[in-house]
Amino acid sequence: MLRNTLQQRRSFAIATSAVSYKRVGDQVSSAPAAVKSVTSAANGVKIATLDGRGPASQVAVVVGAGARHEAKAGVAHLLKASLIRARPGDNVVRAVREFELRGNTLYTAVSRENTLIASSFLRDDLVDVVPGLVSQVFNPSFQPYEFLDAIPGVEAETAASLEDPTTRVLDSLHSVAFRRGLGNSLFATPDALHHLKRADLQAFAASHFTADNIAVVGSGVAHEELEALVNSAFEGFSIPSTSSASQTASSYYGGEVRIAGSSSASHLAIGFKSAAFTNTKSYATALVLRALLDGSHRVKWGATSGATGLLAAAAAPGTNVSAFQTSYTDAGLFGLHIQGNASNVKSVAQKSVEAVKRAASSVSDADLARAKKIAIVDYELGQSRDELVADIARQVLASGNFVTVAELAAEISRVSASEVAQAAQALLSSKASVVSYGDLNKLPYADEL
Amino acid sequence: MASSVGGFAGSALLANLRTFRASNALTAFSEWHASTMGHRALGLKGDDLIPEEGPLVQEALRRLSPQETENRLFRFRRAYALSTTQTELAPKDQISAAEDQPYLRPLIDIVEAEIATKENFDLLTAIPEQLKRRNRSS
């Protein structure tokens, strides 16, 4: 009798689908593979989940409208700041405290192409999170004081963000490279905020918050449950099925901007036209090229062993250079970012551009093998839980499906040396976008590189 | 919560009180009372008489739209000028019953509800049991 009760049951079975998976009982010895599902809700809203079957979950309601789509500057940023409001007949304190009560988070974010409201929570709280998020997005109530109260926060956010030279340089690089659309600043300036009215935000929401432009994305949630909850949460709202706003394709221009700034640390960003994330093949190639070039240290201590990218040789003491790749629905930006001592920046930039040219002529197998590993590791490391849902959402909104880390890793491992060299040649054939920030007396002009 | 104290929630007394409050007789009395108070003759609305000292009303005043705040200050200045000269507005300029709508009271109610909600949530030390059992996810 006693032996019976003490007897432990062990099971190492790894379930193959979310439905058959039972969390009750022993922990499985290895993490089961994540299940990917994409469907549509009854009203046409896309639902995508990547269920890793862990206890921590994340759900985001993502609208495919961001800084790129704004008719008046700053609308997207201000809308993000005022997305959490009091619902009719209720107050905002309850909206926030209901999330807090369970230790769930509630946040909004805006990017160049998406606005999202999301929550991270423990798996069991899905029931409360989904209606909470949906009712915030489609909240018909918008009091004048809620609009006015959001403005000082946005002003402070803009000031704090643009205070950071890296953020400022990257924002300017986008405006140089794409001018309008993707070139719109993510940050609402005080002047832009002064000219915005509540009606501008409502017009922006009315034209973009449509069923075909919204995705509900979950990580670590059962797909069927999320689908049922989304369907019931949308019951009370009649939302237009297709967006009336016309989307203009983005085009790449290139050019130069010079910003005077603190002389203590100068920045130089060089951008080239690159791949959109919707083309998985060329996106994977661009990621490998970035990893091949990137000169930032991969080991925290030990300068000699840390940096192995082709750009590492270009860096000088006190001046380092890194490579970045940002991709959007129909365009991408590959860039070199040099920061440090203003007097070194010119020589480092020239050597960096030489390094890109060398990569365009030939790529050695050893470098390629290393770059592929770095590309996979960096992509997976970049996918924190917040980033993961945002990344799934933008893919689902663009193409109706998404590529998991494993699928992208498989694509990356198929990239050949000649494809990387071709991608580098394609970069160099576009007109460079150059942003310099800092001591302008010493920083080079674009035509000097 | 308050309506259920002492089992009053569905009582006949409470129902009678509710019908009495909505009755024409009481509305007519309240209208007569408001018109004899004298604030309309000085160009003031009923909500202008709410004492503004204290954090609750101050927060509600902060939430008024800039236009409302300006109109309110104008009414105050006009009323002050009238009272120094011991006069009233001409009957056609006085605040009519239709104009005398609550503009501050709804905001005070919102602020009060926010404070009450915050206090209720602060009193919770754990998630209520019935809520815990409701949530089981596969």
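Which residues does Lys80(A) touch, not counting residues up to four places away in sequence? They are Thr108(A), Ala109(A), Val110(A) and Glu157(A), where contact means heavy atoms within 4.5 Å.

This is a predicted model, in which local features need pLDDT of at least 70 and side-chain atom pairs count only at pLDDT 80 or more, while totals for chains, interfaces and linings use all residues. Residues are numbered from 1 along each chain as its sequence is written, and side-chain values use heavy atoms, with hydrogens and water left out.

Lys80(A) lies in helix H2 (residues 75-81) of chain A; helices are DSSP runs of H or I with at least four residues, numbered from the N terminus. Lys80(A) counts as buried because its relative accessibility is 12%, buried being under 20% relative accessible area with a 1.4 Å probe, protein chains only.

Chain A and chain B each give 20 residues to their contact. The area buried between them is about 2000 Å², with 52% from carbon and sulfur atoms; buried area is the accessible area (1.4 Å probe) that two parts lose on being put together, summed over both. On the side of chain A, Arg97(A), Leu101(A) and Tyr145(A) lose the most area to chain B, together 30% of what that side buries.

Two salt bridges cross this interface, each a side-chain nitrogen of Lys or Arg within 4 Å of a carboxyl oxygen of Asp or Glu. One of the pairs below is a salt bridge. The other is a polar contact, a pair of N or O atoms within 3.5 Å, one able to donate a hydrogen and the other to accept it, where residues adjacent in sequence count only if both atoms are side-chain atoms.

| Pair | Distance |
|---|---|
| Asp122(B) and Arg97(A), salt bridge | 2.7 Å, closest N and O atoms |
| Lys80(A) and Glu157(A), polar contact | 2.7 Å, side chains |

Conventions. Chains lettered and ligands numbered in written order. Helix = DSSP H or I, 4+ residues; strand = E, 2+ residues; numbered from the N terminus. Buried < 20%, exposed > 50% of the residue type's maximum accessible area, 1.4 Å probe, protein only.
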